[in-house]
Amino acid sequence: MPPTSRAVDPQFLAYPLQALADAALDRARQLGAAHADFRLERVRSASWRLRDARVSGSSDNVQLGFAVRVLLDGAWGFAAGVDLDPGSAARVAEQAVAVARLSGGISRAAGAPPVELAEEPVHRDATWVSAYETNPFEVPDTEKTALLAEWSSRLLAADGVSHVQAGLLTVQENKFYADTSGTVTTQQRIRLHPHLEATSVDERTGAFDSMRTIAPPAGRGWEYLLGTGWDWNAELAELPELLAEKMKAPSVEAGRYDLVIDPSNLWLTIHESIGHATELDRALGYEAAYAGTSFATFDRLGSLKYGSELMHVTGDRTAEHGLASVGYDDEGVAAQSWDLIKDGTLVGYQLDRAMASQQGLGRSNGCAFADSPAHVPVQRMANVSLQPVAGGPDTEGLFEGVEKGLYIVGDRSWSIDMQRYNFQFTGQRAFAIRDGRLAGQVKDFAYQATTTDFWGSMSAVGGPQTYVLGGAFNCGKAQPGQIAAVSHGCPSALFRNVNVLNTQQEAGN
């Protein structure tokens with residue numbers, strides 16, 4: 001993968017990266033490791049929070065350290081350190097080998113098969129930097145809080161807005177990776193998430209509700225807040241009116257509806273019912289004790305009818321501005337894009353090198369990731385996205401032919417079982433559709449289905465003009481717990497005859 005025009009932070013490059021890697025990898029070889037990899041990370045995370053246009057909190061944290069992972073006699077060993085000198089790197093390698101010897105004895109006694117890694121081409125001195133224009137960490141904090149305060153003041157000045165919460169999360173992630181095959185990679189990723197939430201309180205009745213911006217987090221820089229990739233002015237201008245309408249909206253009548261779901265809501269349904277379900281470690285039962293399993297078990301690969309024939313879902317580590325986009329994963333595997341669901345049928349999984357080898361799937365598709373230098377890489381989610389239909393309709397076109405339906409916008413709450421099969425989702429707002437036209441907001445809604453019934457009901461998919469890359473910073477998995485950022489792109493789509501609950505009635509039962 002060719003390098004981008006962005007440069008890696010000189011402060012990160014000033015660390016003795018190669019010297020530390022050489023010391024660790026040489027010591028692992030001396031102790032008999034068949035494979036060893038070294039990873040040094042510097043992860044800077046900062047946030048700013050405002051309430052009613054006043055700063056209520058901020059943070060700025062840096063994690064710095066390195067990890068050594070070894071494969072010895074078919075068993076993994078892992079150790080981490082923080083002292084950036086070659087002697088410390090060699091000692092950490094010794095600790096990793098000791099762990100491999102211990103875990104290998106336990107694994108062999110239990111009859112576990114030895115770990116083998118799928119082959120991967122060597123990537124020498126490769127550099128990758130994510131797609132952004134201005135690093136947000138180069139922008140003064142006063143400029144960040146001033147913009148958030150100005151946006152908050154705009155909302156507070158609108159009729160009916162009682163309070164406004166605003167926030168900005170920013171991350172700069174630097175990684176250096178080297179292994180005994182000769183792969184050496186250096187990477188830098190930038191991501192951020194601005195968000196505002198307006199609350200309305202009826203002083204007479206005490207009723208209240210809120211509405212949040214639907215702008216997604218993105219692998220972009222400060223330019224995102226200045227209008228590149230999102231029209232903030234337009235969203236902030238319409239939010240108070242939408243909130244006021246929601247405050248007066250009637251409660252939804254429970255029943256069966258056709259749903260037109262906006263990308264700002266559908267991305268989360270994809271994340272929960274497809275993204276997690278197609279992680280191979282879940283399908284094999286590795287995450288059963290914590291994160292759960294998957295109904296999409298490995299024996300159903302190539303045969304499971306996941307949804308309608310319109311359904312084409314990809315896993316992608318290369319998407320521009322994707323939160324899970326990288327040049328190389330934490331096993332030195334180059335980023336790729338591949339099919340997970342094609343013509344409605346399960347055709348692929350998200351893999352790391354060990355699972356790819358174990359299951360006879362050939363090369364890994366680059367889904368190994370660790371969220372800090374203190375954690376071991378595990379299989380983590382790629383940018384899992386529903387593809388639009390070339391020449392497909394716009395969102396308004398999907399309303400045509402809908403006699404009784406809802407148009408759902410923005411994510412809110414969700415619930416799904418541990419096999420990623422039974423679920424329900426709410427949203428920021430829903431508009432009734434009557435005879436192909438929007439007929440005002442309703443509230444207290446949730447849509448409910450099983451994964452295969454829901455995706456099987458998809459009868460129309462929007463065109464590329466409706467496609468948006470949504471996502472989240474906080475996908476959790478593994479023990480000890482790890483957090484990963486991930487994007488999910490999708491167009492608007494139409495789903496027929498879906499069960500809709502009235503959440504107020506359900507709460508009263």
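What pLDDT does the protein average, and what percentage of the residues score at least 70? The model is predicted; the protein averages a pLDDT of 96, and 99% of the residues reach a score of at least 70.

View 1. Over residues 1-5 the pLDDT stays under 50. For this stretch the model has 8 contacts beyond four places in sequence. Where pLDDT is low, the predicted coordinates should not be read in detail.

**View 2. The open sheet of 4 strands.** The strand order is β11-β10-β9-β14, and the pairing is antiparallel. β11 (345-346) and β14 (383-386) are the edge strands, each pairing on one side only. Strands of a sheet pair through backbone hydrogen bonds.

**View 3. Strands β9 and β14, with helix α6.** β9 (residues 313-316) pairs with β14 in the antiparallel sense over 4 bridges. In this pairing, V313 has L386 of β14 as its bridge partner. Helix α6 (residues 263-275) packs on the sheet and touches β9, β10 (337-342) and β14. The direction of α6 makes about 115° with that of β14.

**View 4. The crossing of helices α2 and α3.** The axes of α2 (residues 17-30) and α3 (residues 86-109) come within 8 Å and cross at roughly 35°. This crossing is right-handed. On the α2 side, the contact is made by A19, L20, A23, A24, R27 and A28; α3 contributes P86, A89, A90, A93 and E94. By class, the contact has 9 nonpolar and 2 charged residues, with no polar ones.

Key. Residues are numbered from 1 along each chain as its sequence is written. This is a predicted model: local features need pLDDT of at least 70, side-chain atom pairs count only at pLDDT 80 or more; totals for chains, interfaces and linings use all residues. Side-chain values use heavy atoms; hydrogens and water are left out. pLDDT is the predictor's confidence in each residue, from 0 to 100. Contact means heavy atoms within 4.5 Å. Two strands pair if DSSP finds at least two bridges between them. Helices (H or I, at least four residues) and strands (E, at least two) are DSSP runs, numbered from the N terminus. Axes are lines fitted to C-alpha atoms, for helices over the stretch in contact, and angles run from 0 to 180 degrees between N-to-C directions. A crossing is left-handed if the near helix is turned anticlockwise from the far one by less than a right angle, and right-handed if clockwise. Ala, Val, Leu, Ile, Met, Phe, Trp, Tyr, Cys and Pro count as nonpolar, Asp, Glu, Lys and Arg as charged, and the others, Gly among them, as polar.
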